[in-house]
Amino acid sequence: MRRSTIRAHGLSILALTAAVPMLLATPAMAQSNSQGPMTYDARRGVFSFAEGLEQALPAVVQVTTLGQSEGPSSGENEPRPISSGSGAIIDASEGIVVTNNHVVEGGRKFTVDLTDGRIFDAVLIGTDKATDLAVLKFDATGLSEIEVVDSDQLRTGDLAFAVGYPLGLDQTLTMGVISGLGRSGMGDRIEDYIQTDAAVNSGNSGGPLLDSRGRLIGINTSILSGGGGGNDGIAFAVPSRILMYVVDQLRTVGEVKRGSTGAILGSLNAERSRDFGLGIVRGAVVESVAPGSSAETAGLQRGDVITRIQNRPVSNAGTVAATIGIAEPGTRVEVVYLRDGREGRATLTVEAPGDRPVVVGSEVVIARGLNVRAAADGLQVFAVEGGSAAAGAGLQAGDIIREIDGVAVADLNGLAGALGAAGEHRLTVRRGDEDVTATLGG
């Protein structure tokens, strides 16, 4: 029966022996094969990843966020749970937990539940909306931490394990593969996601994505659903390459300071590709170049299409922002671009982030997360930076700005002057066939 079953699946004993040599190894040899393609547990007679993964599981925690109560409780206005997610301890000595911004957003108090049953109050160190990351800290002894490895070493097809507390369940481990790298289009400014088919559901947010040795390669942040609201086998994680930069910034300065080059970018799509006469639909279009910037010095021009950065393919403007945004000032970044159908190369020097509320290019203005250019029907928003004041106000790409604080704006200079003034501003924009108002914070 056993042999016929093997042959029914198109395998011979010889093929099986070649594919899984550890089946015929001695127990001592099998147990010592921790560096082989798959660990064989000779005592139980099974292949398993448990040895590596079990070391990481105690460092995966449940994060509960408590917010303002809707009414008095026992005569007091106590905070109540408003959301729950997962997190990963990456520094046991300091009690540092990384999770998602959307898990802790709006919270007044935070608790961390450990696998050993202990629960602790945690302090929010900082958040970064653009990458949907947050850092918590709590005081405890006897903690475990997850080893972090470089996500740039990942390959499509690598095994991946998602750990968290989904759908009200206790800690849960799911397995899949890395089904894509450098993914974008999720709506954030910093886009360079790991895609996996490991099951990720509500409550998994903020939990770690692990490799087959139990090392952290990313933080699960979102899923792509076909409309039913559940998991359809497509989930996204912030890679450790970006994660560790953000965590370090939040721990040291309390906020994320991102570098820039002065190139104001939009994303290439099918329509724009046709306008440029290109045969590609992935890339970042240089909309404008700030005067005196590194991009201008490097020779980039409006209309150039960046296709590679640091030898990595560029999906859209978010890919470039992800690379530039985690580079230290002074870092030299190589880009490959297309201009009039011909390939060119340029070296950009990352500049320290400026404190100017408004960046004015030759044909574009960036202010408070709005990227605006002059179009035939007015001042058009062509991009909104994730996590920015503009994103928080609900402004969208395609909006046509009509008025700011009740005063009509007709050109980019007027827009720059109005938004450069401190304080909140009330914008009226044309969206489709209707006028929409939005309050843009500082």
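User: Which six strands form the closed barrel, and in what order do they run?

Analyst: In this predicted model, the pairing within the closed barrel is antiparallel. From one strand to the next, the twist averages 45 degrees. Followed around the barrel, the six strands run S9-S10-S11-S14-S13-S12.

User: Which residue in S14 stands opposite Thr 196?

Analyst: Strand S11 covers residues 193-196 and strand S14 covers residues 235-239, and the two run antiparallel, joined by three bridges. Across this pairing, the residue of S14 that stands opposite Thr 196 is Ala 235.

User: What angle does the direction of helix H6 make with that of S14?

Analyst: Helix H6, made up of residues 240-253, packs on the sheet and touches both S14 and strand S13, the latter spanning 216-223. Taken against the direction of S14, the direction of helix H6 makes an angle of about 55 degrees.

User: Which residue is the bridge partner of Leu 379 in S25?

Analyst: Strand S24, residues 378-384, is joined to strand S25, residues 400-404, by two bridges, and these strands run antiparallel. Within S25, the bridge partner of Leu 379 is Ile 401.

User: How many bridges join S25 to strand S27, and which residue in S27 is the partner of Ile 404?

Analyst: Strand S27 comprises residues 425-431 and runs antiparallel to S25. The number of bridges that join these two strands is four. In S27, the bridge partner of Ile 404 is Leu 427.

User: Which residue takes a positive phi in the hairpin of S25 and S26?

Analyst: S25 pairs with strand S26, residues 407-408, in the antiparallel sense over two bridges, and Glu 403 stands opposite Ala 408 in S26. The hairpin has two residues between its strands. The residue that takes a positive phi there, near 55 degrees, is Asp 405.

User: What share of the contacts in the chain between residues at least 6 apart in sequence join residues at least 24 apart?

Analyst: The chain holds 11 helices and 28 strands, and 45% of its 442 residues count as buried, that is, they have under 20% relative accessible area. When contacts between residues at least 6 apart in sequence are considered, the share that joins residues at least 24 apart is 55%.

Conventions:
Residues are numbered from 1 along each chain as its sequence is written. This is a predicted model: local features need pLDDT of at least 70, side-chain atom pairs count only at pLDDT 80 or more; totals for chains, interfaces and linings use all residues. Side-chain values use heavy atoms; hydrogens and water are left out. Buried means under 20% relative accessible area, exposed over 50%, partly exposed in between (1.4 Å probe, protein chains only). Contact means heavy atoms within 4.5 Å. Two strands pair if DSSP finds at least two bridges between them. Axes are lines fitted to C-alpha atoms, for helices over the stretch in contact, and angles run from 0 to 180 degrees between N-to-C directions.
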